[in-house]
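Here are my notes for you to read alongside the structure. Keep the viewer open and follow the points one by one.

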Amino acid sequence: MGQHVTVAVVEDHPVVTEGVASWIRSDPGQRVELVQTARDLTGFQAGAPPSVDVVILDLELSGELVTAQIPGLVASGYRVVAFSGHTDPAIVMETLDDGAHAYVSKDEGRDHLVEAVLAAAADRPYVTRSQARAMLADQRPARPALSQQELQALLLWFQGMSKASVARRMSISENTVRQYISRARAKYAATGRAAASKDALLARAIEDGVIKPGEITPYESFARAPAGQPDVAEKPSLGGPGQ
Amino acid sequence: MTTATRPVTATGPATATGPAAVQPTAVLSNRYQRAFTIAVVFLVAGWHLAGAGGQLLHDRPSYSSFAFQVAMWLIMAVAIAAGSVLALRDASGWRLAWLIALVALAASTAAAAASPAHQMLALNWAWGSAGWTGVLVLLRRRFAELAWFLAALALATLGVQVWDGLHRTDLAGFLALLAWSTGAQVAVAAGVRALNVAADQAAAAARSEHAARERQATAEFIAAARRGRWLALQESAVPLVAELAAGTADPGDAQVRSRCAIQAARLRRLLAEGDEVPGSLVHELHASADVAERRGVAVDIETAGPLPPVPGPARRVITDAAISILTAARSQTRITLAAVAAGIAVSFVADTGTAVALPAGGEGVAIQQQQDGGMLWAEVRWDST
């Protein structure tokens, strides 16, 4: 990366903004620079941000869900990391479908927010436990088909294991665990509503060798669920817990 | 714990007030009402065939056009047949009922108008049949509707008589017929209504008896469950309390404190097991976590996907594992429940420091654990197959 990643925080509670700023400050590598804070999206856009890479967006501003504004932000060229008190899988899925790069619940902020911002700036997948939970709970007919290994890695990650422990449990390398989880995320980027951020995520995933072009199911509206497509097949079993 | 023997008549407390309890009374009441309907159908059909038909044949030479009278009789027969189907099917719409009633009214009035003047009342077979048709189709509707219909029918017949010329003797005959036929019809309708009320009362009595039986069965079930819990405490908590009281167990001993924490968590779970709430497993896990939380252990419980219901014995194995892990946790435990292919995966990640002795499994439950540094991961899988 070399350069700083510039970030804006859109959050209606100043104390949370302060907390985010302190997490950014305490990053040992000082890899992220906070360049703007705003209480709402109008304030963010009026501030004419000077080249913001990533927007950390609180999903609930002044009591209103702003998920519907995400496609607009993405179309303006911002990468969005949702940072929310909500953990409802339906809201997580909607946020990702709208084109957000990652979803970080407020409980996960300290451990994951800075890393998620850095990953988003590089268009790389970042999957928090709340995101893994939403992917595991996904029951929509047009959900992407995940392999047994991908599902098992997501499940163990959601359960609270470290990536190293997941690797030991599955008798694979930690790198492969990351690969499985990233691939599952990339498959989601290939479904639902079209968005520039999803294209960027996918392109980067192919470039990084996380996913092969052949493994990608083309854009599919969640409203349509054609029978016989691989993405409407039975959710594969997670397999036995042992190896 | 000994398994509570459930009384044969009850399916457990959860279903005591469910549809099964309501159904028999509804069936009973419906059965009575259907019997009354069938009786009225036979009465009306019999009247039209034997009464009206007999009079029609008997007075055959007196009509100006016998063929027209027969046509009206047939129309009335069709109306009665349609009305019978309607009544037996329990159709409640007013349109068809009133259509049939008005056809009968029209046929009756036409038959009366086509009779020779001054002999109309003596030869009239149709008034009675039309009235009975009204009773048949309006039986289950408001009483006022039948009253209006019978009044309209009487007025129409009187109107024909007035048209023909009304003598004092005719008026007397009209009133006699009115009293005889309409009176009988009103009496039958009122009788059926009274019988319906009686049937409802009988059904209500049966229902309350059924409810009483269900309540008793539920009480027995709860008593058996309580007794089972009491027996379980006799085996585990009571000896510990006795040791503490006797001074043979030292509260300063870490092992004794751990035994106390386990027994306290079990007590809470036993209380939670009695609560019939949706998502019993999550509820019982929360109850099991309560003691650990009081100890300052941060417990978070998360679920993923729609969870299948887990039977009681399997839930007990799962919560036993939870209690063991929560008791050993130092500062944090994450409990997750995820829907998997054929069941549920309940996992625990806790800073126990060392491996934890977990129950052996069984009841369709398999348990795995892995220790990484100070962190324990354990997964309890219940398979429905």
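**Notes on the two chains**

1. Let's begin with one pair of residues in chain A: Val10(A) has Leu57(A) as its bridge partner in β3(A). Keep in mind that you are looking at a predicted model. The strands behind this pair are β1 (residues 5-10) and β3 (residues 54-58) of chain A, which run parallel and are joined by four bridges. As background, strands of a sheet pair through backbone hydrogen bonds, either parallel or antiparallel.

2. Now zoom out to the sheet of chain A. It is an open sheet of five strands, and reading across you get β2-β1-β3-β6-β7, with parallel pairing. At the edges sit β2 (32-38) and β7 (102-105) of chain A, each of which pairs on one side only. On average, neighbouring strands here are turned by 25° against each other, direction ignored. Look for helix α1 (residues 14-25) of chain A too: it lies across β1, β2 and β3 of chain A and runs at about 170° to β2(A).

3. Over to chain B, which has 11 helices and five strands. Of its 385 residues, 31% are buried. If you take the contacts in chain B with a separation of 6 or more, 72% of them are between residues 24 or more positions apart.

4. What is the strand order in the open sheet of chain B? It goes β1-β2-β3-β5-β4, and the pairing is mixed. The edge strands are β1 and β4 (365-372) of chain B, and each pairs on one side only. Neighbouring strands in this sheet are turned by 15° against each other on average, direction ignored.

5. β1(B) and β2(B) pair in the parallel sense, over seven bridges, and Ile301(B) stands opposite Ile335(B) in β2(B). Strand β2 (residues 332-340) of chain B then runs antiparallel to β3(B), with eight bridges joining them. A hairpin of two residues makes the link from β2(B) to β3(B). Ile335(B) turns up again here, with Phe348(B) as its bridge partner in β3(B).

6. Stay with β3 (residues 343-350) of chain B for a moment. Is this strand mostly covered or mostly open? Mostly covered: seven of its eight residues are buried. β3(B) also pairs with β5 (residues 375-383) of chain B, in the antiparallel sense over eight bridges. Phe348(B) stands opposite Ala378(B) in β5(B).

7. Next, a helix pair in chain B. Two packed helices are described by the angle between their axes and the distance between the axes. For α10 (residues 280-294) and α11 (residues 312-328) of chain B, the angle is about 25° and the axes are 9 Å apart. Angles under 35 degrees count as roughly parallel, so α10(B) and α11(B) are roughly parallel to each other. The crossing of α10(B) past α11(B) is right-handed. Among the residues that meet are Leu281(B), Leu285(B) and Ala289(B) from α10(B), and Ile318(B), Ala322(B) and Ile323(B) from α11(B). The residues of this contact divide into eight nonpolar, four polar and two charged.

8. How many residues does each chain give to the contact between chains A and B? Chain A gives 15 residues and chain B gives 17 residues. On the chain A side, the elements that give two or more residues are α6 (129-137), α7 (148-159) and α8 (163-170). The residues on that side divide into seven nonpolar, five polar and three charged.

9. Why does Ala304(B) count as buried? Because 25 other C-beta atoms lie within 10 Å, and 20 or more is the cut-off for buried. Leaving aside neighbours within four places in sequence, the contacts of Ala304(B) include Arg133(A), Leu136(A), Ala137(A) and Phe158(A) from chain A, along with Thr336(B), Ala338(B) and Ala339(B) from chain B.

Definitions and conventions. Residues numbered from 1 in each chain as written. Chains lettered and ligands numbered in written order. Predicted model: local features only at pLDDT ≥ 70, side-chain atom pairs only at ≥ 80, totals over all residues. Contact = placed C-beta atoms within 7 Å. Nonpolar A, V, L, I, M, F, W, Y, C, P; charged D, E, K, R; others polar. Buried ≥ 20, exposed ≤ 12 C-beta atoms within 10 Å, placed from the backbone. Axes fitted to C-alpha atoms, helices over the stretch in contact; angles between N-to-C directions. Parallel < 35°, antiparallel > 145°, perpendicular 65-115°, else oblique. Left-handed = near helix turned anticlockwise from the far one by under 90°. Pairing = 2+ DSSP bridges.
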